[in-house]
Amino acid sequence: MTSDDDDKPVMGSGPVNFDTMSISDLEEYIVSLTEEIERTKQVISKKKSAQNAAATFFKS
């Protein structure tokens, strides 16, 4: 038996220790997270478009 959580992606490798990171490292980390958020938003947009197209197709 599996749960719905089995299909969810792993969100990172665990907690990040900010105490050991320099300011430059932290700024780079923010940039990488921001890029990942943008990629995720694009995937959401594509999935919503596909879902809407399917709903329109089956509505007729």
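Predicted model: local features only at pLDDT ≥ 70, side-chain atom pairs only at ≥ 80, totals over all residues.
**View 1. Tyrosine 29 is partly exposed, with a relative accessible area of 26%.**

**View 2. Two aromatic pairs are found in the structure.** One of them joins phenylalanine 18 to tyrosine 29 in an edge-to-face arrangement, with 6.0 Å from centre to centre and 65 degrees between the planes. This pair bridges distant parts of the chain: phenylalanine 18 sits in the segment before helix 1 (23-59), while tyrosine 29 belongs to helix 1, eleven residues apart. Phenylalanine 18 has a relative accessible area of 45% and therefore counts as partly exposed.

**View 3. Phenylalanine 57 and phenylalanine 58 form an aromatic pair.** Here too the geometry is edge-to-face, with the centres 5.0 Å apart and an angle of 80 degrees between the planes. Why is this angle called edge-to-face? The label applies to planes over 60 degrees apart, so an angle of 80 degrees qualifies. Both phenylalanine 57 and phenylalanine 58 are exposed.

View 4. Look along helix 1 and you will find the two partners three residues apart, which means a separation of about one helical turn. Arginine 39 is partly exposed at 44% relative accessible area, and glutamate 36 is likewise partly exposed, at 40% relative accessibility.

**View 5. Glutamate 38 and lysine 41 are joined by a salt bridge.** The closest N and O atoms lie 3.9 Å apart. Because the cut-off is a nitrogen within 4 Å of a carboxyl oxygen, this contact qualifies. Both residues are part of helix 1, three residues apart, or about one turn of the helix. Glutamate 38 is partly exposed, and its relative accessible area is 40%. In total, the count of salt bridges comes to two.

View 6. How much of the protein do buried residues make up? They account for 0% of its 60 residues. The accessible surface comes to about 5900 Å², and carbon and sulfur atoms hold 59% of that surface.

Terms used: Residues numbered from 1 in each chain as written. Heavy atoms only, no water. Phe/Tyr/Trp six-rings, centres within 6.5 Å; stacked < 30°, edge-to-face > 60°. Helix = DSSP H or I, 4+ residues; strand = E, 2+ residues; numbered from the N terminus. Buried < 20%, exposed > 50% of the residue type's maximum accessible area, 1.4 Å probe, protein only. Salt bridge = Lys/Arg side-chain N within 4 Å of Asp/Glu carboxyl O. Areas by Shrake-Rupley, 256 points an atom, 1.4 Å probe, with all protein chains shown as cover.
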